[in-house]
Amino acid sequence: MLIRVALPVPLYREFDYLPPIPASSNPAHCAKTAPPMPPIGSRVQVSFGRQTLIGIVVAHIDRQSSDIPLNKLKPIKQCLDETPILDAAMLSLARWLASYYHYPLGDVISVMLPTLIRQGKPLDLLVTHWRIRPNVSDANFNSNAHKQKQQFAMLKLHGTHGASEETLLLEGMERPFLKRLEENGLIEHYLQPQADPAPVSLAKMPLDLNEQQKLAVNAIIHTANTNTYCGYLLNGVTGSGKTEVYLQAMQSVLQAGKQVLVLVPEIGLTPQTRARFAERFSANILLLHSNLNNTQRMHGWEDCRQGRAQIVIGTRSSVLHPFANLGLIVVDESHDQSYKQQDTLRYHAADVALYRGYQLGIPVVLGTATPSLEHLKLVQEGKLTELMLTERAGHAKAASLYLVDARDTPTKYSDMPVEDKQRQLLPNLERSQNTGLTDDTIAAIRSTLEAGEQVLVFLNRRGYAPILLCDACGWQADCVRCEAHMTLHHSQLNSQQPSYLKCHHCDWQASIPLACPECHSPNLNAVGMGTTRLTESLHALFSNPQTSKVTYPIIQIDRDTTRRKDSWEEIYQRINTGKPAILVGTQMVAKGHHFPNVTLVCLPNADRGFLSPDFRSPEHTAQLIVQVAGRSGRGSKPGKVLIQTVQPENPLLRKLVRDGYQPFALELLKERKMIGLPPYTYAALIRCEAKTLQRATQVLKDAVVILPPHNLSILGPVDAPMKLKNSRYHTQLLLLSKQRAPLHQVLNLWWPQVLQLPSAKYLKLTLDIDPIGW
């Protein structure tokens with residue numbers, strides 16, 4: 001027998017090896033002590049050229065089945081696992097991913113494994129626990145050592161056995177203080193295997209459900225109890241209680257001893273989601289996201305595989321984890337583009353979740369207030385079952401939406417439909433040049449704050465200003481490595497924060513010039529508005545004691561202010577005090593957050609997405625508007641949303657405001673079908689990057705020449721939307737097909753040939769199935 005191994009190399013094949021050679025050189029002894037065949041799904045260490053690699057055994061084959069002569073095969077150097085670390089279901093998932101996304105199997109498996117496991121580290125890692133030393137019952141602290149005293153008291157609550165470090169950190173203890181208390185001889189750490197958790201129990205009684213919520217919960221529970229697959233689209237307006245549906249559907253699954261996977265699009269949502277689930281269930285809840293270190297990732301992966309993690313909350317890569325007994329998958333905010341991986345294996349987590357549900361025979365719930373057009377089409381085809389939630393939970397009412405004419409010379413529109421009295425046009429408003437907000441918007445913010453409520457101003461552009469412009473000659477600060485403008489980062493409120501120019505595409509940074517490099521004029525002007533500049537403008541209006549009798553805090557929420565560890569949790573706590581404040585945020589605040597005292601939402605640049613040449617932009621813009629609007633009026637107080645626009649007559653925007661997202665999306669779906677665009681056609685996007693534009697274009701031209709006979713539509717090769725990025729030129733080729741199967745049949749034959757083209761040597765070629773951006 002031979003052993004077939006998948007290796008992490010960019011080759012579309014697996015590799016055959018001989019069984020490992022026994023350590024003894026005595027033939028008689030070897031016959032008695034011959035090592036067993038490494039099981040399928042286990043790790044092995046092998047020679048590959050001049051390298052030593054870690055691979056996964058994917059099959060045992062007869063010697064006649066190998067296309068490599070026996071005398072050229074090498075033996076396996078070492079077996080790293082006595083039992084498989086990937087079961088048959090996980091290997092089947094890996095093969096499906098490799099087949100559908102046309103990615104090498106070895107690289108697929110590499111993406112599925114944490115770094116330490118790929119490196120061959122043992123799985124039986126011990127967990128660090130902390131406890132008070134046996135001879136210490138109490139301790140005397142200095143009068144100013146309040147934090148140490150508090151941390152010691154928290155650990156003391158866990159008794160003589162203490163608790164795991166992970167548990168203590170989740171409770172608010174800090175690792176530096178644990179180390180300091182240990183240095184002072186008060187506490188000690190010890191290692192022991194991870195204990196199995198107790199069965200899941202309810203920590204808090206469920207809330208009462210309305211009729212639509214009951215129907216949704218009962219449908220999901222019925223599917224889970226019958227061990228069958230069904231994909232559900234939980235289509236509920238913002239604030240309709242989708243999370244409560246998740247919680248009550250999970251209850252029976254967890255009490256049956258099964259695991260639940262909950263996918264969220266952003267790291268910022270994981271602490272909030274964990275808090276809500278921990279409030280309902282006494283269970284071992286595991287968080288998985290990109291901020292974990294390698295050891296934490298390995299522990300989490302193993303806890304999923306061994307079944308110790310009962311509720312798993314994670315970002316997109318969590319869908320590739322192994323599970324001992326998975327009973328339900330929930331994809332929250334399933335429309336979000338963050339679920340699409342944009343490098344290496346370009347999978348979509350929602351699609352993989354549906355496949356895993358089908359594979360394991362379990363229900364999958366896609367929850368959203370703004371379903372993607374792809375999911376709405378699956379509902380029309382009967383491949384997803386739609387569960388509607390049309391009412392907000394409790395007594396909360398839908399926020400009132402108003403269009404605000406933000407042009408310099410506004411015109412009244414008497415033909416604005418007024419069937420819905422909550423949606424109307426506010427005309428004749430003047431723009432404030434300092435804030436990007438109209439005077440009436442500023443007045444609405446002020447009255448909201450004076451009423452003791454909170455305001456959210458949404459601007460999806462971080463930094464101070466997107467453009468630095470010379471007023472004399474028109475020079476703009478452009479990135480030297482990308483076809484893009486540099487963003488100005490500057491803060492007048494924080495003198496310690498450095499000022500610089502930064503490209504948000506390649507992270508190139510530069511100092512701010514004192515004068516124009518072209519004409520040497522000192523008249524450099526920051527053009528446009530970013531979250532930092534908007535925060536400063538609002539600070540001058542509402543937080544400056546010299547201009548305002550009552551001052552209100554301005555809380556900026558973007559990647560710059562949440563980069564530090566635990567910063568998002570601190571911001572979230574400030575908001576949830578309920579005190580009057582203005583929140584200035586990017587799309588980080590648009591997804592799933594519950595701010596009960598936010599009653600006014602302002603969108604200064606709502607219509608930018610409707611002017612984009614990207615055919616998906618109206619869909620994504622509408623989703624963002626509706627999601628941001630949903631942050632308003634989630635508590636007992638009514639909400640209001642002001643949507644500023646320079647095109648108040650735009651028919652798409654007016655339909656969205658007048659009729660809501662569902663009719664808007666169905667109208668877009670009809671247009672896509674008529675034009676022949678996704679989801680009614682299936683796409684594969686080939687991208688090439690090279691040092692010169694000529695080479696990047698030529699390889700795609702050569703690829704078109706060798707295309708086998710087909711009925712595909714070919715667009716390109718053309719320059720990518722950003723032709724120059726990170727000092728590399730980018731071109732692309734788009735293949736469209738009315739049916740999925742013919743597209744993949746062509747790719748199976750053609751794509752390996754493309755990679756072998758002479759003109760493709762030393763170039764980076766990538767294939768993206770179902771791309772979200774062209």
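**Figure 1. Strand pairing around Trp 130.** The bridge partner of Trp 130 is Ala 163, which lies in β7. The model shown here is predicted; local features require pLDDT of at least 70 and side-chain atom pairs pLDDT 80 or more, while totals for chains, interfaces and linings use all residues. Residues are numbered from 1 along each chain as its sequence is written, and side-chain values use heavy atoms, with hydrogens and water left out. Strand β6 (residues 127–132) is joined to β7 by two bridges, and these strands run antiparallel. Strands (E, at least two residues) and helices (H or I, at least four) are DSSP runs numbered from the N terminus, and two strands pair if DSSP finds at least two bridges between them. The open sheet has three strands, in the order β7-β6-β8, with antiparallel pairing. Because β7 (163–164) and β8 (187–192) each have a single partner strand, they stand at the edges, and one side of each is left without a neighbour in the sheet.

**Figure 2. The open sheet β22-β23-β24.** Three strands with antiparallel pairing make up this open sheet, in the order β22-β23-β24. Its edge strands, β22 (487–489) and β24 (509–510), each pair on one side only. Strand β23 (residues 500–502) is joined to β22 by three bridges, the two running antiparallel. Leu 488 stands opposite Leu 501 in β23.

**Figure 3. Nonpolar cores.** A nonpolar core is a set of buried Ala, Val, Leu, Ile, Met, Phe, Trp, Tyr and Cys residues joined through side-chain atoms within 4.5 Å; buried means under 20% relative accessible area, exposed over 50%, and partly exposed in between (1.4 Å probe, protein chains only). The largest such core has 116 residues, and those with the most contacts inside it are Ile 109, Leu 735 and Trp 750. Helix α2 (residues 88–100) gives the most to this core, with seven residues. Apart from this core lies another, of 32 residues, which include Ala 216, Val 264, Ile 313 and Val 330. Not counting residues up to four places away in sequence, Trp 750 touches Ile 686, Ala 703, Ile 706, Leu 707, Pro 708, Leu 733 and Leu 735; contact means heavy atoms within 4.5 Å.

**Figure 4. Aromatic pairs.** The structure holds nine aromatic pairs. Rings of Phe, Tyr and Trp (its six-membered ring) pair if their centres lie within 6.5 Å; planes under 30 degrees apart count as stacked, over 60 as edge-to-face and the rest as tilted. The rings of Phe 610 and Phe 664 are edge-to-face, because their centres are 6.4 Å apart and their planes at 85°. This pair links distant parts of the chain, 54 residues apart: Phe 610 is in the loop between β28 (598–603) and α17 (617–629), and Phe 664 is in helix α19 (residues 661–675). Phe 610 counts as buried at 11% relative accessibility, and Phe 664 is buried at 0% relative accessible area. One aromatic cluster is formed by Trp 96, Tyr 100, Tyr 101 and Tyr 355.

**Figure 5. Cysteines without disulfides.** A disulfide is a pair of cysteine sulfur atoms within 2.5 Å, and by this rule the count is zero. The sulfur of Cys 479 is 3.6 Å from the closest cysteine sulfur, in Cys 506, which is too far for a bond. The sulfur of Cys 516 has its closest cysteine sulfur in Cys 473, at 3.5 Å, also too far for a bond. Cys 479 is buried, with a relative accessible area of 6%, and Cys 516 counts as buried at 1% relative accessibility.
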